[in-house]
Amino acid sequence: FQAGHATLVQRYEMPAAIRDSVLQTIGNTPCVRLRRIVPPGSADVLVKLEYFNPTGSYKDRMALALIEAAEQRGALRPGMRVVEFSGGSTGSSLALVCALKGYPLRIISSDAFAREKLATIRAFGADVELIPSAGGKITPDLMGRMRARVLELAADPEVYWTDQFHNADAETGYVVLGRELVEQTGGRIDAFCGGIGTAGMLTGAGAGLRNALPNIQIVSLEPATSAVVAGGTPGAHRVEGVGMGIVPPLLDRSLLSSSRGIAEDVARATARELARREGIFAGISSGMNVAGALELQQELGPGHTVATVAVDTGLKYLAGDLFEG
């Protein structure tokens, strides 16, 4: 009993350091090996659990980098308002950072995105303005209308637009994500895959990985109905945060080994399997990421390692139909 008790204490021992701000808890997220949905004799599949960040999303890394870089340049000053258009996760992360730093925030979003995400933005004290969608679907037209509204607001000189789709500051936090993976795995990763929204994560983490592991494969993922980077055409889907119907300006194609589309029904089924069989409670885009990783592990075979990211918590999707199947 004593030996077992000591093991439990060691496993669940809390970190000794006390943080002075929630912002200091961003990053250093755990990484786990899938055991039950990966066939025996396959490549290892590792998933970095980004829902351990304060708002339950890897966008916390990006939001902090965007705001602090703007402060350092003098582009964002006390008293200014911050604006952005977002499907919800970036908005939630910016709302957290702006709340702690004292900046008023307005997020332009839509009824196409999860109600839980919109409620989280408001919980941190930010304003949310909704642009109506066509039947609750994410389309290139919707994103264009959301962006147009932000442009109107950003014409005010006392407003700072974080511009997540064009702002290279977004990559800074994600480079650290890649470095964390290298450290956690001892550099034993053969392939990394991830979905493309702004492309900040894939470009940033990919750069951090490629710098340490020159031969690593980096694979971009999109919903199959809007796999533009993979050579397809823009289309509608319900995978939030990715597949915007454009090739994002932040995407560094030189990092990519290949690009592929993942069927939305496969992404949804994988998200449910992750929860029920692996205990990883994450959203639809995380299901897409893991579905892509499972394809890669079949191609690479035993003795290899594939890594990907669980981008946000499944708690953001309970009001929808993701976990009803």
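## Pairing and the mixed sheet

Two strands count as paired if DSSP finds at least two bridges between them. With that in hand, let's walk through this structure, which is a predicted model. By that rule, 6 strands form an open sheet with mixed pairing, in the order E1-E2-E10-E7-E8-E9. At its edges you will find strand E1 (31-33) and strand E9 (258-262), each of which pairs on one side only. Neighbouring strands in this sheet are turned against each other by 25° on average, direction ignored.

At the E1 end, 3 bridges link E1 to strand E2 (residues 44-49) in the antiparallel sense. Here arginine 33 stands opposite leucine 46 in E2. Helix H9 (residues 284-300) packs on the sheet, where it touches E2, strand E7 (191-195), strand E8 (217-223), E9 and strand E10 (305-310). The direction of H9 makes about 175° with that of E10.

## The parallel sheet

A look at the other sheet comes next. This open sheet has 4 strands in the order E5-E4-E3-E6, and the pairing is parallel. Strand E5 (127-131) and strand E6 (159-161) each have a single partner strand, so one side of each is left without a neighbour in the sheet. On average, neighbouring strands of this sheet are turned by 25° against each other, direction ignored.

Strand E3 (residues 81-85) and strand E4 (residues 105-110) run parallel and are joined by 4 bridges. Valine 82 has leucine 105 in E4 as its bridge partner. E4 also pairs with E5, again in the parallel sense, over 5 bridges, and isoleucine 107 stands opposite valine 128 in E5. Helix H4 (residues 115-123) lies across E4 and E5 and runs at about 150° to E5. Together, E4, H4 and E5 make a right-handed β-α-β unit.

Nonpolar side chains tend to be buried together in soluble globular proteins. In this model, the largest nonpolar core has 31 residues, and those touching the most other members are Leu34, Ile37, Val47, Ile280, Met288, Val290 and Ala310. At least two residues come from each of E2, E7, E8, helix H8 (264-278), H9 and E10. H9 gives the most to this core, with 7 residues.

Beyond its neighbours within four places in sequence, isoleucine 280 is in contact with Val32, Leu34, Val47, Leu49, Tyr51, Leu274, Ala275 and Ala310. There is also a second, separate core of 27 residues, which includes Ala170, Tyr174, Val229 and Val311.

Histidine 166 is found in the loop between E6 and helix H6 (170-185). Its relative accessible area is 40%, so histidine 166 is partly exposed, a class that spans the range between the cut-offs of 20% and 50%. Leaving aside neighbours within four places in sequence, histidine 166 is in contact with Arg147, Pro249 and Leu250. The C-alpha atom of histidine 166 is separated by 9.1 Å from that of glycine 200, although the two residues are 34 residues apart along the chain.

Glutamate 180 has its place in helix H6. With a relative accessible area of 8%, glutamate 180 is buried, because buried means under 20%. Setting aside its neighbours within four places in sequence, the contacts of glutamate 180 are Gly27, Asn28, Thr29, Lys48 and Arg61.

Definitions and conventions:
Residues numbered from 1 in each chain as written. Predicted model: local features only at pLDDT ≥ 70, side-chain atom pairs only at ≥ 80, totals over all residues. Heavy atoms only, no water. Axes fitted to C-alpha atoms, helices over the stretch in contact; angles between N-to-C directions. Contact = heavy atoms within 4.5 Å. Buried < 20%, exposed > 50% of the residue type's maximum accessible area, 1.4 Å probe, protein only. Right-handed = clockwise from strand over helix to strand, strands pointing away. Core = buried A, V, L, I, M, F, W, Y, C linked by side-chain atoms within 4.5 Å.
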